[in-house]
Amino acid sequence: MTAMTAGHAGRPLLNRRLAEFGTTIFAEMSALATRTGAINLGQGFPDTDGPEAVREAAVRALRDGRGNQYPPGPGVPELRHAVAEHQQRFHGLHYDPETEVLVTAGATEAVAAALLGLVEPGDEVVALEPYYDSYAASIAMAGGTRVPVTLRPHAPTGTYRLDLDELRDAVTDRTRLLLLNTPHNPTGTVLSRDELAAIAELCVERDLLAVTDEVYEHLVFDGEHLPLAGFPGMRERTVTISSSGKSFSFTGWKVGWVTATPALVTAVRTAKQYLTYVSAGPFQYAVAEALALPDSYYTELREGLRARRDLLADGLREAGFGVFTPAGTYFITTDIRPLGTSDGVSFCLSLPERAGVVAVPTQVFYDHAEAGAPYVRFAFCKKEEVLTEAVSRLRTLAGG
Ligand SMILES: *Cc1c(COP(=O)(O)O)cnc(C)c1O
């Protein structure tokens, strides 16, 4: 803070593009969790590491000196081939590992590089609100204007739905691209085949690019995950993004990837090479092995999480929350109004003291804060005993 005195007097240090991103509630929540010894269901990372064989593959790569020096800019060939094989195996999509796959520092860098490479200052970027927290900042850094389309709670189904008319109305002559996240964090919405078909038609009709964040592609409990790139006219206009963090429970490795046409990959890589150039050398080899794991691995991952989703959802219902059962992801969004309040921020700030649990107010993921005010997000990518304890603590809320 002392640095505030340096530079042009009276001018804020943080530039205008990032001024609105100065502070987040997350630091405060984490400090609160530590101080109160609360169970942290705020952050979306697993409390158990992924497969031992994959961890050992990373150790082997490190010991054998594979990836300890700068790997190739597009990613090590083993991983690029494994990504291409994965897209074919699970989604029937063919990508050339030489020209159509790019390895990134997680999905986060892939999203940032895609926006920096494809968006001109003043371009509009349409994204589904509530959004993953890096989107707004990445759009801002690219000089773009974000145009939120709000996913709305739909009481009869207990899910969040996309209004396709609202999406169509959000597109203007200045719209450059659609930034889409399915399965969607934080709402757990998985876009259906019909919805994706309509989105594809819109992109083709209005000549839009699409950037899709599919990091939860293997964590779908109801329905199925379909990549937008598989719809008519979308293969050539979609930057598909995924990552090893959520699929293999190694969120700290930050190995992600892009699949797209050579021209789109080149645009993303042009930005990416000046952000990190490369990253995570030895881990790239390990993720190449992880992607080739048998179907049983992916099934067990999904079924294990489904059981924990159900455990937490039932517990939250018993504690008096309104529960939106997520079709995918790590997260359950709840309505706190049945508990007698509609202010998610103050609810989450007091929850560690009241019940020994940390959650996140979804309002922080919105431009239209009022649309997210009465909702609170809980993560269920935690050990069963942790969730059981959290649920028993939350039950004290039901008593008043
Ligand atoms: C966790 C998450 C990411 C981050 O992926 P990394 O590979 O860790 O960068 C990106 N998008 C969404 C929607 C996420 O939930």
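Me: Contact means heavy atoms within 4.5 Å. Before I dig in, this is a predicted model, where local features need pLDDT of at least 70, side-chain atom pairs count only at pLDDT 80 or more, and totals for chains, interfaces and linings use all residues. Residues are numbered from 1 along each chain as its sequence is written, and side-chain values use heavy atoms, leaving out hydrogens and water. So, which elements cover the buried residues of H12?

Reply: Helices (H or I, at least four residues) and strands (E, at least two) are DSSP runs numbered from the N terminus. Buried means under 20% relative accessible area, exposed over 50%, and partly exposed in between, with a 1.4 Å probe and protein chains only. In H12 (residues 344–355), the buried ones are Gly 344, Phe 347, Cys 348, Leu 351, Pro 352 and Ala 355. Their cover includes helix H1, strands E13, E14 and E15, and helix H14.

Me: How wide is the arc that holds those buried residues of H12?

Reply: The arc is taken from the directions from the helix axis to the C-beta atoms. An α-helix has 3.6 residues a turn, so residues three or four places apart point the same way. The buried residues of H12 line one face of the helix, because seen down its axis they fall within an arc of 140 degrees.

Me: How many disulfides does a search of the whole structure find?

Reply: A disulfide is a covalent bond between the sulfur atoms of two cysteines, and here the cut-off is sulfur atoms within 2.5 Å. The search comes back with zero. Take Cys 381: the nearest cysteine sulfur, on Cys 348, is 16 Å away, so by that cut-off they form no disulfide. The total stays at zero.

Me: Which residue in E10 is the bridge partner of Leu 102?

Reply: Strands pair if DSSP finds at least two bridges between them. E2 (residues 101–104) and E10 (residues 256–259) pair in the antiparallel sense over four bridges. Leu 102 and Thr 104 sit on one side of E2, with Val 101 and Val 103 on the other, and all are buried. Across in E10, the partner of Leu 102 is Val 258.

Me: How far is a polar side-chain atom of Thr 108 from an oxygen atom of the ligand?

Reply: Residues around the ligand (a heavy atom within 4 Å) include Ala 107, Thr 108 and Asn 185. Polar contacts are N or O pairs within 3.5 Å. A backbone N or O atom of Ala 107 lies 2.8 Å from a ligand oxygen, and a polar side-chain atom of Asn 185 lies 3.0 Å from one. For Thr 108, the distance is 2.6 Å.

Note on methods: A polar contact is a pair of N or O atoms within 3.5 Å; within protein, one must be able to donate a hydrogen and the other to accept it, and residues adjacent in sequence count only if both atoms are side-chain atoms.
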